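Please describe the fold of this protein chain and the surroundings of its ligand, with the cut-offs behind each term.

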Amino acid sequence: MTFRESTPADLSACSRFFAEVFNAAPWDENWSLESSLQRLSDCAATPNFLGMVAEDDTGIAALAFGYWQRYQEEQHYYLLEFCVANDRQGEGIGARLMEALHARLQNDNVNRIYTLTARETPAQDFYEKAGFYVSPKMILMARRY
Ligand SMILES: CC(C)(COP(=O)(O)OP(=O)(O)OC[C@H]1O[C@@H](n2cnc3c(N)ncnc32)[C@H](O)[C@@H]1OP(=O)(O)O)[C@@H](O)C(=O)NCCC(=O)NCCS
């Protein structure tokens, strides 16, 4: 398995398995190829984007997409999307991709990584095992239109 920075050429393969992952349990969302491609392409067009993929001879098996933002004297990386293809989950690929991302971000002098995910889900367990914690200080606020 190779862990490398993503390129624009990866977007169409990534958007295919991204839609399959989040249309499946436990997320059961409603992604089309068009909407998943736009989400990932928009992220890739954001200033300070850094994306990584895990790839072997069968193709790309996982992605980590996000971008860093300046915060006073620091740089904080917002991990927008992270997923492993449905038929490759549970093989340790997610953990290894996250380690590769942490190493890359530390090498780039990023001070912090953060993400949004659903409470009390397998994803929360995964992130906690990868060293993330639930912020005791910050809350997510939203308003619906
Ligand atoms: C969550 C996800 C990224 C984990 O990647 P993965 O490659 O399947 O996970 P790994 O095999 O690397 O497992 C790493 C650790 O997380 C734990 N973990 C992974 N999936 C889990 C699950 N469904 N429930 C509980 N723990 C889980 C593993 O037990 C493992 O712990 P261990 O090191 O103590 O054995 C992947 O399953 C996925 O893409 N899920 C759907 C999309 C998603 O939820 N994305 C993240 C939130 S937006």
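Buried residues, meaning those with 20 or more other C-beta atoms within 10 Å of their own, the C-beta atoms being placed from the backbone, make up 26% of the 145 residues in the protein chain. The model is a predicted one, in which local features need pLDDT of at least 70 and side-chain atom pairs count only at pLDDT 80 or more, while totals for chains, interfaces and linings use all residues. Residue numbers start from 1 along each chain as its sequence is written.

The protein chain has 4 helices and 5 strands, which are DSSP runs numbered from the N terminus (helices: H or I, at least four residues; strands: E, at least two), and from that terminus on their order is β-α-α-β-β-β-α-β-α. The radius of gyration, taken over C-alpha atoms, is 15 Å, close to the 15 Å of the globule rule for 145 residues, so the protein chain is as compact as a globular protein of that length; the rule itself is 2.2 Å times the number of residues to the power 0.38.

The shell around the ligand holds 17 residues, of which Gln-89, Gly-94, Ala-95, Pro-122 and Ala-123 come nearest; a residue counts as near if its C-beta atom, placed from the backbone, lies within 6 Å.

The largest share of the shell, 5 residues, comes from H4.

Definitions and conventions: A residue is buried if 20 or more other C-beta atoms lie within 10 Å of its own, exposed if 12 or fewer, and partly exposed in between; C-beta atoms are placed from the backbone.
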